[in-house]
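We will walk from one spot to the next, and at each stop you can pick out the residues and look around.

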Amino acid sequence: MSDMRKRILCALTVLALLFGLMPLAGLFGQGGDPSLALPNARRLGLLMNSVKLGLITALLCMLAGLFTALFIHNSRFRDRPIRFGFLLMAFVPSYIYALTWMNLLREAGSIWPGLLRIRAAGLVFCSLTEIFAWLPLAVAVALLGLERENRQQLDAARLCCDDDTVFWSVQLPGLIPYLMSGMGIIFILSITDFSIPSLFQYNVYAMEIFSDFSVTGRAVNSFWLAVPLLAAAIVLVFLMQAGTGRMNAPAPRRQEIVMDYSFSLKLPQWICVFIMAMQMIFPLLSLLLGVGDFAESVKLSVEEFLNSCEFALITVAISLPAALISAVYVNWFARYRKLFRLLLIIPLAIPGNLIGIGLVTLINGSFLHGISGTSLMPALGCAAHFFPLCTLFLSGSLRQLDLGQIRAALLFQKRRGEALVRVLIPMFLPALTGCGLLVFVLTIAEVGTVLPLAPPGKEPLSVKIYNYLHYGASDAVSGFCLVMILVCMGITAVILRIGMGRRGTARSFGQSPEKKQEDNRR
C-alpha cells in the first residue's frame, strides 16, 4: 500500500477514535466542580459498594468459567461445534436474570409461604444475577485460553507427573493472562452498570452519576463524578492488553489431548457445569411459569420491538465501517499497534449512561440539534459504545485470514479490484455479517446508553422492560422478557453458525483430502 493510502487510513482511524470519545466532549464547557472527582464519605461508600460487587462477581464468574471450560475441553464434545452451545445465552440482557430470581421466589413462595418474607434486594441478589448474566463470557475466555495452550509443553509435563500436578504447574499459569483479562472485563461491566443494582435496591456509584444529572442537568458534573470509575476502567484496559492480544491470535491446530484429573478436580467441574446448565434453564423456566397470555405480550411489544430494531440497524450501519477501517489499520499498518489498540478500547470502559448524557449535551448545544429527537441519537450512542468491541471482533477475524491466498489473488488478478471482489470480500463477509449481528443484538438489549437518548414516543423494548421491572414481576413483563430472550438466542445461534462455518473453512486450508473428510465427519 502506498504511503498516501496509509496516511488516509491512519486519518480515518483517528476519526473513528474521536467518534468513540465524542460523547465525552459534550461533558465540558459548562464549568463544573472538579472537586467532585474526589469522593466524599457518601460517594466513597458507593464506590466501595461498586468495587465489592465487581470483585465478587468477577472472581466467582471466572472460577466457575474456568472449571466449566475444563469440563468442555476434556469432554467428548471438545472438537464439535456443540461445545459452544453455552454461548446461546451470552447476549441475553442481565435484567432478565433479575426477573428470573423474582419469578422463582414468587413461585417458590406459593409452595413455601415463608420464602415470601425474603426480600429480593442487596448484594447477594445483585451478585447472583450478574454471575448468571456474564458466566458465558467467562467460560468463553477460559476456553479460548485452553485451546491456545502449549501442547508440546503439556505433553512433556505429563511424562514427569500426574495430570493434577500438570494443571497446577503448567496449565493454570498459562491461563493466568486470559483469566485476568476475563476478570477485568467482567469487573468493568459490573462497576459501570446501574440497571441490576437499581432493581435490587443496592446503591452503587454508577447510579449516582445518572441521579445527579437527573437532578441538576449539569453534564460536566457527571463527568467529574465518573472520574474514579473511568480511571479504574482505563487502568484495567491497559493491564488487559496482553490477554486480549492473545485472544485475537490464531488458534493452533487442535490435538487429541485429554487430561485425566482426579476426583478433587472433577468435582468442581461437575458443580460448575450444573451451574452453567441452570444459567440456561432458569430464565426460560421462570419466564414460562410467570407468563400469562404470551400472544398478548407479543402483541403489546411489537411497536417497541420495531423501535429497537430501527435503532439497531442504524447502529450497525454506523459502527461497522468505522470498526473495519480501525481494525485494518491497527492490524496491518499501524506502527504503534499497542497504543492504538489501547486508545480504541477506552470507549468500552465509559459507562453507558455517561455516553448518553454526554451525547445529549453535545448534540443539543451544536448545529446538529435537529437530530436530537430522532432515532439517530440512540444509534449514535450505541455505536460509540460498541464500536471498540466491533473493532476487536474484526481485528481477530483479520488475523484468521489466509494471507497467502490473498497475495496469490493480488498477483494473478486480471483486472484491478478482481481479487477484492472474488477473494477478499467472500473470505471476510461472514466475519462482517457476524459482527453486524453482534452489534444488532447488543443494541437491542442495551439500557444504560439508550435510556437518556430514546426519542419521545419511540420507547425501545429494553427500556420498556426495565421500567416495568421496577414494579416487580408480572405476567406482562415476563412475556416481554420471553420475547427478548428468544430474539437474543435466535440471533446468537446465527452468529455461532457463521463462526463455526468460518472455523471449518480456515481449518481446511492446506489439508489433505483425507483430513478434510475426517473434519467434515466431525
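Start by selecting Thr 68. Is Thr 68 buried or exposed? Thr 68 is buried, with a relative accessible area of 2%. Keep in mind that you are looking at a predicted model. Thr 68 is found in helix 2. Now show what surrounds this residue: leaving aside residues up to four places away in sequence, Thr 68 touches Val 139, Cys 272, Val 273 and Met 276.

**Along helix 2 to His 73**

Stay in helix 2, which is also the place of His 73. His 73 is buried, with a relative accessible area of 5%. Display its side chain together with that of Glu 149: the two make a polar contact at 3.4 Å. For a sense of scale, draw a distance line from the C-alpha atom of His 73 to that of Leu 18. The two residues are 55 residues apart along the chain, and their C-alpha atoms are separated by 41 Å.

**Glu 149 and its partner**

The side chains of Arg 151 and Glu 149 meet in a salt bridge, 3.9 Å from N to O. Side chains of opposite charge can pair when their charged atoms come close. Here, Arg 151 counts as buried at 7% relative accessibility, and Glu 149 is buried too, with a relative accessible area of 13%.

**Two sides of helix 5**

Next, select residues 151-160, which make up helix 5. Which residues of helix 5 are buried? They are Arg 151, Leu 154 and Ala 157. An α-helix has 3.6 residues a turn, so residues three or four places apart point the same way. Turn to the other side of helix 5 and you will find Gln 152, Leu 159 and Cys 160 exposed. To see what covers the buried residues, show helix 2, helix 4 (123-147) and helix 6, which are among the covering parts.

How many salt bridges does the count come to? The count comes to seven, and you have already visited one of them, between Arg 151 and Glu 149.

For another, select Arg 158 and Asp 163, whose side chains meet in a salt bridge at 3.0 Å, N to O. Arg 158 is partly exposed, with a relative accessible area of 29%, whereas Asp 163 is buried, with a relative accessible area of 9%.

Then move on to Lys 458 and Glu 310. Lys 458 forms a salt bridge with Glu 310, and the closest N and O atoms are 2.9 Å apart. Lys 458 lies in the loop between helix 17 (418-445) and helix 18 (461-469) and Glu 310 in helix 12 (residues 294-333), so the pair ties together parts that are 148 residues apart in sequence. Lys 458 is partly exposed, with a relative accessible area of 26%, and Glu 310 counts as partly exposed at 30%.

**Into and out of helix 8**

Select Gln 201, found in the loop between helix 7 (195-199) and helix 8. Phi of Gln 201 is near 50°, a positive value in a residue other than glycine. Gln 201 counts as partly exposed, at 48% relative accessibility.

Carry on to helix 8, residues 205-216. At 1.5 Å a residue, its twelve residues should span 16 Å; the end C-alpha atoms are 17 Å apart, which agrees. Color the buried residues of helix 8: Tyr 205, Ala 206, Glu 208, Ile 209, Phe 210, Asp 212 and Phe 213. Their cover includes helix 2 (41-73), helix 6 (163-191), helix 9 (219-239) and helix 14 (352-364). Just after helix 8, stop at Gly 217, which takes a positive phi of about 70°.

**Last stop: the cysteines**

A disulfide is a covalent bond between the sulfur atoms of two cysteines. How many disulfides does a search of the whole structure find? The search finds zero. Cys 10 is partly exposed, with a relative accessible area of 23%. Finish at Cys 382, whose closest cysteine sulfur is in Cys 390, 13 Å away and too far for a bond. Cys 382 is buried, with a relative accessible area of 1%.

Methods. Residues are numbered from 1 along each chain as its sequence is written. This is a predicted model: local features need pLDDT of at least 70, side-chain atom pairs count only at pLDDT 80 or more; totals for chains, interfaces and linings use all residues. Side-chain values use heavy atoms; hydrogens and water are left out. Helices (H or I, at least four residues) and strands (E, at least two) are DSSP runs, numbered from the N terminus. The expected span of a helix is 1.5 Å times one less than its number of residues. Buried means under 20% relative accessible area, exposed over 50%, partly exposed in between (1.4 Å probe, protein chains only). Contact means heavy atoms within 4.5 Å. A disulfide is a pair of cysteine sulfur atoms within 2.5 Å. A polar contact is a pair of N or O atoms within 3.5 Å; within protein, one must be able to donate a hydrogen and the other to accept it, and residues adjacent in sequence count only if both atoms are side-chain atoms. A salt bridge is a side-chain nitrogen of Lys or Arg within 4 Å of a carboxyl oxygen of Asp or Glu.
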